[in-house]
Amino acid sequence: MKRFFVLLLAATVLACQTSRQEKVVGLMTDSAMVVSAHALASQVGTDIMKRGGNAIDAAIATHFALAVVFPAAGNIGGGGFMVIRMKDGSTTTLDFREKAPAAATTEMYLDKEGNVIPELSTQGHLASGVPGSVDGMAAAHKKYGTLPWKELVQPAIDLALGGFTLSEREAAWFNEMKEDLIKYNTVTPDFLIRDLWQAGDTIKWTELGHTLELIRDQGRAGFYEGITAEHLVAEMQRGKGLITLEDLKSYASVWRDPIIANYKEYKIISMPPSSSGGVCLVQLLKSVEPFPVKDWGFNTVKTIHLMTEAERRVYADRSIYLGDPDFYTAPIKQLIEDQYNDERMSTFDPTRATPSAEVKAGVIVGYESEETTHFSIVDPQGNAVAVTTTLNGWFGSHVVVPGAGFFLNNEMDDFSAKPGVPNMFGVVGAEANKIEPNKRMLSAMTPTILEKDGRLFMVVGSPGGSTIITSVFQVILNVVEHEMGMQEAVNAKRVHAQWLPDAIIPETGALSKKDSLTLVSLGHTITPRRSIGRVDAILVLPDGKLEAGADYSRGDDAAKGF
Ligand code: DON
């Protein structure tokens, strides 16, 4: 009976849709490009490269600009990951993920009976980890920057103090979060509250602009010490949060070796833990590599069935094996080996879905939404940077630091508050991702760079919680297997699946009615969703020109370059 309703739902919601988008071409440039969630931020990064800055300089400037013009996810109060490939082929990654405050405890979100207290890890002061973004930008600049730091922060200051206009989408977000702003702040951020924000309204962030001036003049100390740190800690004390001056002062981002693996003739360079992104992406690619995905075609029944079966196995592994590498040793080498993934796929049956309960017992994994941001950059020398950064939820914990004007993250929710109990997006974890003082919470962010024949080929990434990994996976397959251009690959409809819930989650329009029915007949459940991910990517074409894939149909994303 349940199957019948699912069938009906699939039939009605997915009717009359085509699975492959019309051929479109993204912005093409000769040598330099920024693709981000906001046109103004992409322009800031492009201008830096016009002035001679490299991709890392541009990334720093773009990051700070996003903290102003895309405050729902762009941030100085959050954290993220950066993957770098220099023109000489050398690669590295920077982990500027938030950390649990020193006073955090494994049981901090549990009541006396040991049950998770709703919202404690998602809203308000206790939800925040120690921010990593400003330290990350400073560390990246120290190692790779070529232009003076001040020049990289200044454009964001100009945007904050000069103001910028809201798009329709942005006005809607500000309207939607009004009540939360009033509820969760000890000092209501009046400048963010209007009866009704409308597209075209100008917003100025004076306090944020002044905080950015301190960061411009003092570097990381402008955030982690002095007035900004004092404002943050005072707000923590008023709101019973945990972050202390010592937590801020001692925060340090970490350079880590990338996850590197081959998929056919492509080299994948991606983020290691504390993000699960790189490991899971490689596992997914390895799992499908032996199958003729190209012949089976884009979003066909065979391809979707195969991807779903790979995804449920990989996400089951994720829930058990991955966590902060400084606290928990994950079997990474084994997880990304061909043999291991072949073995995992040995139970793949082309004629039937494997119930997730058969793959791994127990715990429930849900999915996450799009409240993060990714940008991709290539500079004229051929250096490439992929950055994904987040406050976690939309506008993070909803707490704006009074006097300093920035949103704080609610990243603590990415920890497993209790083994087997899902977080706000339904993700579970266990020992590897339990809360411990000064530990980084597990992420799904997947900033990734691809090489082909030793040359830069693609820069890619996405927001979307656990759907980040599958969005990046699909966009890569769209280009390398389904022969799409970059914009076409980004526009193409996505289909997500993970271990649990035991379901295929297609974007509306991703699957034809007939294919949906066939998948249901194989034993799959289908639960459509309006939108998945927000990929911003760059493809290097054979003649060296760049093609953008900006996710303008799912957000306000835009490419700029020259
Ligand atoms: O790090 C992570 O995986 C999540 N905090 C990312 C969150 C995200 O993409 C937005 N919303 N779910």
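A nonpolar core is a set of buried Ala, Val, Leu, Ile, Met, Phe, Trp, Tyr and Cys residues joined through side-chain atoms within 4.5 Å. The views below come from a predicted model.

**View A. The largest nonpolar core.** This core holds 84 residues. M458, I476 and M486 have the most contacts inside it. Helix α18 (residues 467–480) supplies the largest share, nine residues.

**View B. Surroundings of I476.** Neighbours within four places in sequence are left aside here. I476 then contacts L281, L285, L450, M458, V460 and E481. Another core, of 81 residues, lies apart from the largest one. Among its members are I56, L166, L192 and V400.

**View C. The open seven-stranded sheet.** The strand order is β7-β4-β3-β11-β10-β2-β18, with antiparallel pairing. β7 (254–256) and β18 (558–561) form the edges. Each has a single partner strand, so one side of each lacks a neighbour in the sheet. From one strand to the next, the twist averages 15 degrees.

**View D. The β10–β11 pair.** Strands of a sheet pair through backbone hydrogen bonds. Strand β10 (residues 372–378) runs antiparallel to strand β11 (residues 384–390), and seven bridges join the two. T372 stands opposite T390 in β11.

**View E. Helices against the strands.** Helix α2 (residues 39–50) lies across β2 (33–36), β10 and β18. Helix α2 runs at about 160 degrees to β2. Helix α3 (residues 55–69) also packs on the sheet. Helix α3 touches β2, β3 (79–85), β4 (91–96), β10 and β11. The direction of α3 makes about 150 degrees with that of β10.

Conventions
Residues numbered from 1 in each chain as written. Predicted model: local features only at pLDDT ≥ 70, side-chain atom pairs only at ≥ 80, totals over all residues. Heavy atoms only, no water. Buried < 20%, exposed > 50% of the residue type's maximum accessible area, 1.4 Å probe, protein only. Helix = DSSP H or I, 4+ residues; strand = E, 2+ residues; numbered from the N terminus. Contact = heavy atoms within 4.5 Å. Pairing = 2+ DSSP bridges. Axes fitted to C-alpha atoms, helices over the stretch in contact; angles between N-to-C directions.
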